[in-house]
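Biologist: I am new to this protein. Could you walk me through the model, one question at a time?

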Amino acid sequence: FNWTEGTNLYAVKFASARGSELWRAEIDGGIGGNDLVLGFSVAPNGDAVLGGEFYAAATGKDLAAVRLAGSDGAERWRYVADGGGYADEDGFHVSVDPAGNVILAGTLTFPSESLYRMAVVKLDGTTGGEVWLHAATHGIAQRVVADANGDVIYGGDAAFEGLLVEKLAGDDGTSLWRTVTAGRFPWDLSVDAAGNVVYAAEVGADALDFGDKGATVYVNFGA
């Protein structure tokens with residue numbers, strides 16, 4: 001952290017045997033301000049993938065992902081997206097599919113809009129190029145996973161609706177199914193061996209009968 005330049009993304013790799021440091025990497029968005037890591041994943045080949053936000057003076061916070069070489073932490077590529085709208089954009093979670101492609105979940109705001117949309121981006125694992133972008137309803141895409149077939153499942157807090165979970169085709173981002181339930185903030189999202197989707201989320205006392213307090217619930221959807 002530098003009080004003049006703000007914060008940068010930071011990653012460290014430790015050896016499994018004794019915890020000795022193998023490498024460390026600091027990634028600067030390049031424009032100053034606060035760059036943040038909000039998600040992290042490891043690719044099948046051992047590369048580290050960071051998801052978060054870069055700050056730009058002209059556009060504010062922008063959706064971002066960076067891939068680092070597992071051997072030495074060198075930057076392989078970075079991806080930065082600004083939707084062109086009025087609100088800040090963030091990358092809240094990042095995952096890697098079985099083929100090594102990167103899936104980034106967060107928010108984007110488009111021109112003439114002041115409320116961000118749930119956004120899921122698939123990036124080519126080798127180049128970081130955008131394969132497809134799925135921008136759903138207004139809200140925040142907070143968790144994302146890829147199943148064994150490479151299809152993508154994300155969950156988030158959909159504004160004016162509730163907790164949204166949607167499955168997208170891995171090849172082109174087409175929606176395969178979509179469901180909205182009571183609650184918000186999917187704290188975790190996973191896929192079991194049969195391809196079923198399981199998430200843990202927060203619900204209010206008025207959504208389900210848990211007495212006078214909210215609760216964390218676990219919900220399972222079929223593949």
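**A walk through the model**

Modeller: Let us start inside. Thr 137 has a relative accessible area of 18%. The cut-off for buried is under 20%, so Thr 137 counts as buried.

Biologist: Which strand holds Thr 137, and which residues does Thr 137 touch?

Modeller: This is a predicted model, so what follows describes the prediction. Not counting residues up to four places away in sequence, Thr 137 touches Arg 117, Met 118, Ala 158, Glu 161, Leu 164 and Arg 178. The strand that holds Thr 137 spans residues 130–146 and is S10.

Biologist: How many helices and strands does the chain have?

Modeller: The protein chain has 223 residues, and 49% of them are buried. Its secondary structure comes to zero helices and 16 strands.

Biologist: Which strand has the lowest mean pLDDT?

Modeller: The chain averages a pLDDT of 81, and 78% of the residues score at least 70. Over residues 205–218 the pLDDT is below 50, though this stretch has 23 contacts in the model beyond near neighbours in sequence. Among the elements, S9 (residues 117–123) has the highest mean, 93. The lowest, 47, belongs to strand S16.

Biologist: How do S1 and S2 pair, and which residue in their hairpin takes a positive phi?

Modeller: S1 covers residues 9–14 and S2 covers residues 21–27; they pair in the antiparallel sense over six bridges. Lys 13 stands opposite Trp 23 in S2. Six residues lie between the strands, and the one with a positive phi near 80° is Gly 19.

Biologist: Where does Leu 115 lie, and how far is Leu 115 from His 138?

Modeller: Leu 115 is in the loop between strand S8 and S9. With a relative accessible area of 32%, Leu 115 is partly exposed. Leu 115 touches Thr 109, His 138 and Phe 160, not counting residues up to four places away in sequence. Leu 115 and His 138 are 23 residues apart in sequence, and C-alpha to C-alpha they are apart by 6.7 Å.

Biologist: Which residue forms a salt bridge with Lys 122?

Modeller: Lys 122 is buried at 9% relative accessibility, and Asp 97 is buried at 3%. Their closest N and O atoms are 3.9 Å apart. Lys 122 lies in strand S9 and Asp 97 in the loop between S7 and S8, so the pair ties together parts 25 residues apart in sequence. The partner of Lys 122 is Asp 97.

Biologist: What is the N to O distance between Lys 167 and Asp 147?

Modeller: Lys 167 counts as buried at 8% relative accessibility, and Asp 147 counts as buried at 5%. Lys 167 is in strand S12, Asp 147 in the loop between S10 and S11, 20 residues apart. Their side chains meet in a salt bridge, N to O, at 3.6 Å.

Biologist: Which residue forms a salt bridge with Glu 21?

Modeller: Glu 21 is partly exposed, at 38%. The closest N and O atoms of the pair are 2.5 Å apart, and the partner is Arg 24.

Conventions:
Residues are numbered from 1 along each chain as its sequence is written. Side-chain values use heavy atoms; hydrogens and water are left out. Two strands pair if DSSP finds at least two bridges between them. Helices (H or I, at least four residues) and strands (E, at least two) are DSSP runs, numbered from the N terminus. Buried means under 20% relative accessible area, exposed over 50%, partly exposed in between (1.4 Å probe, protein chains only). pLDDT is the predictor's confidence in each residue, from 0 to 100. Contact means heavy atoms within 4.5 Å. A salt bridge is a side-chain nitrogen of Lys or Arg within 4 Å of a carboxyl oxygen of Asp or Glu.
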